[in-house]
Structure formats: structure tokens, C-alpha cells
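User: I would like a close look at one part of this model. Please keep it brisk and connected.

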Amino acid sequence: MNAEVKARAVNCTQCGAPLELHGGHRVRSLSCGFCGAVLDAKAEYQVVKQFKDVKRPPMPIKLGATGKLKGIEFTVIGVLQVGDSEGYRWLEYQIFSPTHGYHWLDYSQGHFVFSRRVREIPKIGAKQKSAFTAQGMTFKVYDTYAASVYFVEGELTYVAQVGHRTTVTEGICPPYMFLRERSDEEEEYQFGEYLDAADVHKAFGLSPPTRQPNSIHAAQPYVAKPWAVSLAHTGRWFALAATVIALALFTFGNGKTRVKTKFNPAAVVKGAYTSDFSVEGTDSMMKLDLTSDQSNSWAWYDLTLFKDKVPVAELGKGISYYYGGSGEDAWSEGSTSETVYFNLPDPGTYRVHVKGTGGAGENNNGRMRNVDMHLTLNEDAIVSRYFFVLAIVLIFLACAERMMRWRFEAKRWEAVLEDDDDE
Amino acid sequence: MSAAAPTQQNCPSCGAAAPVLLRHSKLAVCEFCNSTLFIEDAQVASAGEKSVLTEIPSILVRGRKFITGNWTFEPVGRIRYEYGASEGYWDEWWVQLSTGKMKWISNDEGEYVIQNEFKLKDDPPAFDAFTLGRKVKLFDQMLTVTELNEATCIGLEGQLPEVVAVGDQHRYAHLEGPKGAMFTAEYDDEGCSFYKGAWVDPFEIKPA
């Protein structure tokens, strides 16, 4: 007995079309893609039934093609086109290996899943995202839908029927999926693994896919972009360093206090000087802090910097703070303090003149609130806010990979969650 | 079951060294002249028949060790059966576990099933009592008769625990039930044997 599996051929007993045979002895039916006849592989290819006017779908892989999947060489022996009630269609190729038997390669919108029948029967809940264990993994229920067969061609290990309906429940644990297929006659379980489309194309000698699939498959694993992974790994340390530096500068970068004065309302209205103070360095970074306890009021301060009694710089700065509402409607705007940085090129003896243009705090009714104004001027200050901005940018970059993963997962579930919303 | 105790003999037909016999072997095929050798009281005798198996692709290879799950095993012999009117064939591999225990593993085009003999408390049902596609209550569960057929031995190799000859025939019934339950009932002149099957994922059989 010659037990080797070789490609053979028969003529369709219905229409005479030549049909290649690639399967083994467990093939039960041969469907003619030309006339729709289903032939009994165990009874000299007698016609069992015929499905007329069935349109052959486009197929990326042809019957008879061979390719290695999971290290095993398979031959494509048959194909089903299956679809759901919403018009979504996909292909299920029956593939055969003399050593590993009959399995399936599913093709859907550019995605491939290799699946095989398993005898494990897990307890699968009805609720979406409910967990169940199978194959030593935890799957989440993804979707349940009714599927019907629309087209059959080639060899199958059972007698194919166009119109055959099953109820499919999919569980996912990317890149794996676990399916329960229920029909009137039986219940079967399939364990699938998502395969990279480029690998499948290469395995079956097809030209590489021209573009990535538009959709995200239920079992498609998230593949992180290398640059995003690098950013996440290195960015987090830079972000931490920038944050520490920013906090350190914020806490200890105020420099040396040269003058610290309180002006009472009368002095502010009339105009007053600080005491003389010395600036020792050249090109010193100065930090000027103004604080005024405004409350639903504002004040404007004109400041003039004198060096040796000669004005060298002028600055106007307003302080306003308003608030209102209560509870969730509470609001506020403005602040009771302002900070200004400026560079002072020459050392020397300085003083500051202050005059409140808006008095010492004017409210909406034009009344004066009459509050003190505090002025502090520090030399050799370091600006910390740029490091805070840098820290925020670095934190964002470090989290980019995580956000991309989150978006990917959201898109994975989008289609089926929308289905539920529609219901 | 006790561990195997190998003994060395010569083939009565060609004089070549017979395979190192396992304790439970009742039959061996000479590696050199393919003669079938009976084994009685640790002695080999020629059965006067030759058996040559056509090589077909298989994960299992005699003389090599494999792992599946917690098992490490080595195929030591096999019987090939043809079923129906040349409808197909399958191999029954006799394998030795690392514990010394012996098991049967059937392989039908990539479907691997470990066969464990199942002792019946009562008289076995008659073969004719089965109807293809019908359900039957056995072992407290409803089983569906998925295959009724006749098998003919078409070849042997290695060592086997029973005397089988090319051309020997038996009838069998496959019964499948819920949760992957699978039983095989074999009927020959000597009676009926039941086996409880355990499916093995071919992708989980790895070389040791």
C-alpha cells in the first residue's frame, strides 16, 4: 500500500471540472468551486448536494498552496467563506499536514489566525469580558455571534453545507483565542493563535502584504514600537531627574535676599522707597516677589529701580484675585502674588520705588480694599519653571508607549462594545 | 506493571542479533530481514512471515524519546491497520513510558489518542447492538457511535505485546461522548476489548 500523500485529481462528477486532491483519507467531502456540487469523498465522489449561484470570494491563498506554520508544513485543501448577519465575511481555510492532521487558517481583513480543534471544554460565561480558563491561560469573552457558511470549495473532513449556521463565542488572550462553536448537531472548541500576516504571506510564497490591516483583530497582540519602548525606558529616568531638579530649584533656587519690605496702604497710594540694598554680582538674575492680599479686588503697582538714585528700569505689575460661587460652582481667577525675573547687569547700590496706580486694592464698586503690599527681591535666583516644563514633556514621552497600548486595547474592544450599545 | 527486563537473542531466520526484548514483548520484527518472531519464555521463534511497513510521515519515530505533558515515552513497536475497503489506515504505537509502563497510542493522520484498556464490570454489548450515529448509554454516560468498521493488519514493526499477523482482522466501534470522552470497542474471535481514549495535541508532542 502506498500511503504517501500526493496531489491527485478527479473530475467533478457534476460538471466535469478538474479538481485537485491534496488531503488524506479523513477527507469526507470535495466541493466543486465551479458548479457548487458537494461530492462524497468516501463514495466515488458522488454528488451529495449542489449549491448553485454561489459566488466565489477573492482568496489570498489558493487551494493546494503549501506553507510552514508553527514549523509544520501544511497544504491548503479546502476553504469556507463564513459571515455574520451584519455582512462581515471571512475565510476559513482547512489545512492538512500528514503528521499533525487537519487544522484551520482563518483569514479576515488582512489578519490570519491558525486554529485547531481541542477537546478541552471550559466553562464559558455569557457576559462580555468575563474570564474563563483554557489551555492554561485566562481568556476574556470577546463576542458571541451567529455565523453562516456562504461558500465552500475543496476538501473538508466533513460534508460541507452552504447555509450551515453556528453560534460562535470568542474568548481572547492575545495572541491566543478560544472559540466555542455551537450548532444544532454538535459543539466544538477551537484554540487559535494570531499569526503575523507577513509571516503567513512568506510561508505560502505570497508577495508581502502591501499595507497593514486597517482594523484590529480580536486576538491581535499589541506590538510596541521600539522607539516608544526606548522612550519609556530612558524617558522615565530623565523625567524623574528633571522633576527632582525642578523641585530642588523651586525650593532652594531663590538666591540671596537683598531686600524684603512691607508697604502699608497709605505708602502704596502715596508712593514709597525700599531701603538701599547692594547687588554684588555682574549679570545677576533677580527674582522679584510681590504679594498683596487682594480679595475680589485688584491693584496695579508701578515699580522703578534706582541705581545710585538714578532710575535704571521701570516695571508695572498688577495683582488681582477674584472668586465666587460655592460647592461645585465655586470659581476663582488671578492670584494674590506675582513673580518677575530680570537680569541686572551691574553690581551697585539700588533701591525700588513703589506706587499703587489702582490704589491699594480696588473692588468692583470702586472702593479701596486697602491692604499691605509685600516686596522681596533676591539675587542669584534660578528659574525653576523651565525644568517643570521639561519634566512634564519627559513624563508625557515616557508614558507614550502606555498610552499607545491603551488606545490599541480601546480600539480592540470598540467594535463589539458598540454592538452591545446598538442592542 | 513491572519495569522492562531486556534480554538478547538472535533471529532464527537470518542469524542477526534480534532486538533487545522487553519483558512484555510477545512479538518482534527482525530489523534486518523483517521476519516476524514469536517470543515465548524469553526465546524467539520465527513465525515464517515478513512484514515491511511503508514509511509514512509521523511525529513518532521508533527508538526515539518524546515528551507530552508529564510523560516521557519511547515508541518500541507499531501495528498498522487498514480500515474498511482501503478507506484509510492508522498506526497503533506501543510505547514505553519512562516509568517502565507500556501504553498504546493511536495515530490517524495527526489525531493522536492514548488508549487505556478499560475493564468492563458486565458483559460487553454485542457489536451488532451499535448503530452508526445513534446514542448508547455506557459507563453512566450517553455516547454517540461515530464509527463502525473493520480493521485489517497490514504491517508490523518493532516489538509488540501480542501476537498479531498481517491479515488479522477485527471489528471496532468508536464512541464519543461529552467533554471529549472517547471509547473504542474492539471485537475479534477472542472477545471484546474496551479502551478509553485520551486525546493528545500533536503540537504538544516534542522530542525529548
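How many helices and how many strands are there in chain B? Please build the rest of the picture from there.

Analyst: One caution before the count: this is a predicted model. Chain B has 14 strands and zero helices. Reading along the sequence gives β-β-β-β-β-β-β-β-β-β-β-β-β-β. Along its principal axes, the C-alpha trace of chain B spans about 55 × 35 × 35 Å.

Next, the packing. Of the 208 residues in chain B, 31% are buried. Take the contacts in chain B between residues at least 6 apart in sequence: 48% of them join residues at least 24 apart.

Now the domains. The domain assignment gives chain B a domain 1, residues 1-50, and a domain 2, residues 57-207. The C-alpha centres of domain 1 and domain 2 of chain B are 24 Å apart. Between these domains of chain B, 16 residues of domain 1 are in contact with 16 residues of domain 2.

Which strands supply the domain 1 side of chain B that touches domain 2 of chain B? Strands β1 (27-29) and β2 (35-40) of chain B each give at least two residues to that side. The largest share comes from β1(B), with three residues. By class, this side of domain 1 of chain B holds ten nonpolar residues, four polar and two charged.

Chain B also meets chain A. Here 20 residues of chain B are in contact with 18 residues of chain A. The chain A side that touches chain B divides into six nonpolar, seven polar and five charged residues.

For context, here is one element of the partner chain. Helix α2 of chain A covers residues 226-252, which is 27 residues. From first C-alpha to last, α2(A) reaches 38 Å, close to the 39 Å expected at 1.5 Å a residue. A kink of about 35 degrees in α2(A) is centred on A:Gly235. A:Gly235 is also one of the buried residues of α2(A). An α-helix has 3.6 residues a turn, so residues three or four places apart point the same way. The buried residues of α2(A) pack against α4 (385-398) of chain A.

Note on methods. Residues numbered from 1 in each chain as written. Chains lettered and ligands numbered in written order. Predicted model: local features only at pLDDT ≥ 70, side-chain atom pairs only at ≥ 80, totals over all residues. Helix = DSSP H or I, 4+ residues; strand = E, 2+ residues; numbered from the N terminus. Buried ≥ 20, exposed ≤ 12 C-beta atoms within 10 Å, placed from the backbone. Contact = placed C-beta atoms within 7 Å. Expected span 1.5 Å × (residues − 1). Bend = angle between axes of the 7 residues up to and from the residue. Nonpolar A, V, L, I, M, F, W, Y, C, P; charged D, E, K, R; others polar. Domains from an automatic or database assignment.
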